[in-house]
Amino acid sequence: MDRLIKVVAAVLLAPFVLLIAGIGGCEARKAYYDWKVRKMCEQDGGVIIFERTAVSPELFASLPKTGGRVGVPPKAMAGPADPIYATAETKYLREGSPQVWRTEYSFIRRADGKLVGRAVFYSRMGGDFPSHAHPSSFGCPAGDEFRAQIEQLYLEEKTK
């Protein structure tokens, strides 16, 4: 009888143990890839500005904004008044779940076609325990920091 109770308890507890182990394994894998993304970001992530582009206060105020910061539109969406546009190249470093990639942006001044800046952003998406929820994600540098750095491509001229 004592042995029967142990077998029944093991059968009943096994799904919970497997569930907890599965969730723990997924969380550990996400933490590992977030750590890798941070390490890669420390090496070459962020924005490098080669030359700032002077714009009038009126133009600066009319430029597209993301998160309250002036941004740089992608080439396909840039209008004729946008002084700088961005091109992007994405390289997938890990397929599957989680997915890890590196995106390198080039910022081009429309007036002369000159490269005025470069930015590198690393991302991780997924790796969660299977569910119907949206996958989690992590990116580096952080969005607010990244947008603040990109805004520095513009030099707002002072009015006289």
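What follows is a chat about a predicted model of one protein chain.

Me: What does the secondary structure of the protein chain come to?
Reply: The chain has three helices and nine strands. Keep in mind that the model is predicted.

Me: In what order do the elements run from the N terminus on?
Reply: The order is α-β-β-α-β-β-β-β-β-β-α-β.

Me: And how much of the chain is buried?
Reply: Buried residues account for 31% of the 160 residues. As for contacts between residues at least 6 apart in sequence, 59% of them join residues at least 24 apart.

Me: Let's look at strand S7. Why is it called largely enclosed?
Reply: S7 covers residues 115-125, and eight of its 11 residues are buried, so the rest of the structure largely encloses it.

Me: Which way does S1 run relative to S7, parallel or antiparallel?
Reply: Antiparallel. S1 is residues 46-49, and four bridges join it to S7.

Me: How many bridges join S6 to S7?
Reply: There are 10 bridges between S7 and S6, which is residues 99-109, and these two strands run antiparallel. Across that pairing, Tyr-105 stands opposite Ala-119 in S7.

Me: What sits between the strands in the hairpin of S6 and S7?
Reply: Five residues lie between the two strands, and in this hairpin Gly-113 takes a positive phi near 70 degrees.

Me: And S8, how does it pair with S7?
Reply: S8, residues 137-140, pairs with S7 in the antiparallel sense over four bridges. There, Met-125 stands opposite Ser-137 in S8.

Me: What does Ser-137 touch?
Reply: Leaving out residues up to four places away in sequence, Ser-137 touches Arg-124 and Met-125.

Me: Arg-124, then. What about Asp-34, what does it touch?
Reply: Asp-34 touches Arg-124 and Phe-138, again not counting residues up to four places away in sequence. Asp-34 is in helix H1.

Me: Is Asp-34 buried or exposed?
Reply: Its relative accessibility is 12%, so Asp-34 counts as buried. The cut-off for buried is under 20%.

Me: New topic. How many disulfides does a search of the whole structure find?
Reply: The search finds one. Cys-41 and Cys-140 form it, with their sulfur atoms 2.3 Å apart. The pair links distant parts of the chain, as Cys-41 is in helix H1 (residues 2-44) and Cys-140 is in strand S8, 99 residues apart.

Me: Remind me what a disulfide is?
Reply: A disulfide is a covalent bond between the sulfur atoms of two cysteines.

Me: Is the one of Cys-41 and Cys-140 left-handed or right-handed, and why?
Reply: The torsion about the S-S bond of Cys-41 and Cys-140 is about -85 degrees, so this disulfide is left-handed. Both Cys-41 and Cys-140 are buried.

Me: What kind of peptide bond joins Cys-140 and Pro-141?
Reply: A cis one, with omega about 0 degrees. Pro-141 is in the loop between S8 and H3. The bond from Ser-97 to Pro-98 is also cis, with omega near 5 degrees. Pro-98 is in the loop between S5 and S6.

Me: Last topic, pockets. What volume does the largest pocket have?
Reply: About 370 Å³. The lining has 19 residues, and those nearest the centre are Thr-66, Gly-71, Val-72, Arg-147 and Ile-150.

Me: Which elements give two or more residues to the lining of the largest pocket?
Reply: They are S3 (65-66), S4 (69-70), S5 (84-94), S6 and helix H3 (143-151). H3 gives the most, with four residues.

Me: What classes of residue does the lining of the largest pocket have?
Reply: It has 12 nonpolar, four polar and three charged residues.

Methods: Residues numbered from 1 in each chain as written. Predicted model: local features only at pLDDT ≥ 70, side-chain atom pairs only at ≥ 80, totals over all residues. Heavy atoms only, no water. Buried < 20%, exposed > 50% of the residue type's maximum accessible area, 1.4 Å probe, protein only. Pairing = 2+ DSSP bridges. Disulfide = S-S within 2.5 Å. Contact = heavy atoms within 4.5 Å. 1 Å grid on protein atoms, 1.4 Å probe; cavity = no way out; pocket = protein on both sides within 12 Å on 5 of 7 lines; lining within 4 Å. Points joined across faces, edges and corners; volume = space filled by probe spheres on them. Nonpolar A, V, L, I, M, F, W, Y, C, P; charged D, E, K, R; others polar.
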